[in-house]
Amino acid sequence: RQSEGPGYSMDAEVAKNLGLALGDTITLNVGGQVRTGLILNFHNVDWTGLDLDFPIIATPATFTGIPYTLAASLKAKSGEEATLEAFVKNRFPDMPLIRVVDVLRSLATALDAIVAGLKAAAVMCGMAALVVLAGSVLQGLGERTNETVLCKVLGASRRQLLGQLAMEFLYLGTLVALTAVPLGLSVAYGVTSAAGLGSVSVSGTGSIALAVVAIFVTLVVGLLTTLSTYSAAPANFLRNRQP
């Protein structure tokens with residue numbers, strides 16, 4: 001059978017990046033000895049799990065005649081790492097041991113620092129966006145006051161004016177959400193794909209919640225920055241208005 005001869009199984013993402021398909025031939029140089037075989041199948045490696053896995057796996061017949069050593073991974077229950085390590089050393093005194101837990105802790109610490117930095121940057125970007133939004137609203141505050149006074153003189157009630165204001169900023173928040181959320185998710189997906197985190201998925205519930213938050217924040221900022229305008233008395237405003 002074909003699987004009994006030389007052949008390889010490749011990580012699907014690696015094969016895609018290299019432009020390889022099933023049945024293509026690849027050649028590896030292992031310890032100075034060249035081995036050529038077909039790509040028999042694909043497998044998926046979850047690099048985020050940090051498990052012992054390889055992007056290329058060969059059939060047993062592929063490396064026949066090449067000297068090799070065996071590698072194994074063991075997982076111990078919490079608190080029993082030292083017992084397992086002592087047991088392995090007693091049975092196989094010449095075998096080198098590598099404690100992966102220390103490496104994983106260092107990686108976790110580094111990743112936590114990176115995530116904290118990204119969160120801080122996201123908060124700063126959000127605050128900057130709020131400042132820009134408030135500034136753009138305040139820039140047209142004088143014109144909005146004139147329109148409000150005119151509507152009040154023509155008989156519009158405060159409830160009607162506030163309802164119009166809420167609808168305006170609700171529409172603006174929806175437009176922001178429909179633009180910013182897909183754009184942000186696209187950038188995040190591109191970053192994760194470039195980092196090799198192909199298994200990362202997007203939460204539909206989280207995306208909807210993010211859009212709702214964006215709409216709510218836009219509505220609140222708009223109401224807070226312009227509420228005083230809609231509370232102004234027409235007589236006082238017209239009396240103090242500069243000609």
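Predicted model: local features only at pLDDT ≥ 70, side-chain atom pairs only at ≥ 80, totals over all residues.
Me: Why is Leu-107 called partly exposed?

Reply: Its relative accessible area is 37%. Buried means under 20% and exposed means over 50%, so a value in between gets the label partly exposed. You'll find Leu-107 in helix H3.

Me: What makes the nonpolar surface patch, and what is its area?

Reply: Ile-98, Val-100, Val-103, Leu-104 and Leu-107 make it, with about 440 Å². A patch residue needs over 30% relative accessible area, and Leu-107 has 37%, so Leu-107 clears that cut-off.

Me: How much of the chain counts as buried?

Reply: That's 17% of its 243 residues. To count, a residue has to be under 20% relative accessible area.

Me: What lines the second largest pocket?

Reply: There are 29 lining residues, and Ala-72, Ser-73, Leu-74, Ile-98 and Val-100 lie nearest the centre. Helix H2 (81–91) and helix H3 (100–139) are the elements giving two or more residues to that lining. H2 brings the largest share, 5 residues. The space in this pocket is about 1300 Å³.

Me: How does that lining divide into nonpolar, polar and charged residues?

Reply: It splits into 20 nonpolar, 2 polar and 7 charged. Leu, Ile and Val count as nonpolar, so Leu-74, Ile-98 and Val-100 go in the nonpolar group.

Note on methods. Residues numbered from 1 in each chain as written. Heavy atoms only, no water. 1 Å grid on protein atoms, 1.4 Å probe; cavity = no way out; pocket = protein on both sides within 12 Å on 5 of 7 lines; lining within 4 Å. Points joined across faces, edges and corners; volume = space filled by probe spheres on them. Helix = DSSP H or I, 4+ residues; strand = E, 2+ residues; numbered from the N terminus. Patch = residues over 30% accessible without salt bridge, like charges linked within 9 Å, V, L, I, M, F, W, Y side chains within 5 Å. Areas by Shrake-Rupley, 256 points an atom, 1.4 Å probe, with all protein chains shown as cover. Salt bridge = Lys/Arg side-chain N within 4 Å of Asp/Glu carboxyl O. Buried < 20%, exposed > 50% of the residue type's maximum accessible area, 1.4 Å probe, protein only.
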